[in-house]
Amino acid sequence: YITYRVFCYSQNLQKVRVMAIAFRTSLQPQSTRRWRPDIGFGLVAFMLWIAVRNGDCSGFAFGPIASTRSQRIPQVALLAKSSDTFDPWTVLQISPDAGVEEAKKAYRKLAAKYHPDVDPSPKASDMFQKLVRANAVITGEDKGLDETTLLTNAANNLRDNIEFQKERIERLKQQAADEEQRVQEMQEQQKKAEEKRDQVSGELGLLGGSILGLVVGGPTGLILGAVGGIALGKRNDSIGKVIRGAGTLVKGIFDAVGKAAGKSPE
């Protein structure tokens, strides 16, 4: 790049010299041609200042030594290449010290997964193109980036992936903590539901067993029915359902009487 700049300066100086000679020869008629140092040196200094300021080979366009824009360095292409963060190892999900055979094996495995015939999505298509390029770099067909740049890109890409995975792990940890807290709350709610279920089943079993015992055995059956109802009312079979049904009926009558009398059911 420095050599290129020096070449440009020399080209511009040569142009200044030719223009100064042409100006000097055309300044006056042929018969009275005479060189004026003040004008000539001033013109040379002015053109030299422009050449140094421009600093490229297209600063002037004069005569046969006029340069074209094709002589310029393709700076856009250079910037694009320097900003290319591609590396084959991250794409193939292998270590940078992996051998060619391992890289080819990884390429075949991933290419079969992201091939357009298997997954036509745009994301898979983009990944497949990266796989093709990674394979070309590994096999030496693609030499757009030198090995030092590729390894630098690999280190940077791995660093970014590590940071991303760490953040993901922290989010998963927080999510797991939230889920664990929710499980604990559900366990407490389950315990309360079981306690309330046993309480309601006991009350309905007591009422249902008492009324059934009273109907079957009179006052003696009332006591025996109450004791049996407490035990049988918690069952989920047909007997338990009958006892709880009778208890629900009795409880409904008590609640109606209590409301009518303006008193609490207890």
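1. Leu 222 lies in helix α7, helices being DSSP runs of H or I with at least four residues, numbered from the N terminus. The model is predicted: local features need pLDDT of at least 70, side-chain atom pairs count only at pLDDT 80 or more, and totals for chains, interfaces and linings use all residues. Residues are numbered from 1 along each chain as its sequence is written, and side-chain values use heavy atoms, without hydrogens and water.

2. Leu 222 belongs to a nonpolar surface patch that also includes Ile 211, Leu 212 and Val 242, with about 830 Å² of accessible area together (Shrake-Rupley method, 1.4 Å probe, only the protein chains shown counting as cover). Patch residues have over 30% relative accessible area and no salt bridge; nonpolar side chains (Val, Leu, Ile, Met, Phe, Trp, Tyr) are joined within 5 Å and like charges within 9 Å. Helix α7 gives the most to the nonpolar patch, eight residues.

3. A patch of positive charge on the surface gathers Lys 105, Arg 108, Lys 109 and Lys 113 (Lys and Arg count as positive, Asp and Glu as negative, His and the chain ends not being counted; charges are placed at NZ of Lys, CZ of Arg, CG of Asp or CD of Glu). Lys 113 is located in helix α5, residues 100-114.

4. Six salt bridges are counted (a side-chain nitrogen of Lys or Arg within 4 Å of a carboxyl oxygen of Asp or Glu). One of them joins Asp 126 to Lys 130, with the closest N and O atoms 3.6 Å apart. Because these two residues are four residues apart in helix α6, about one helical turn separates Asp 126 and Lys 130.
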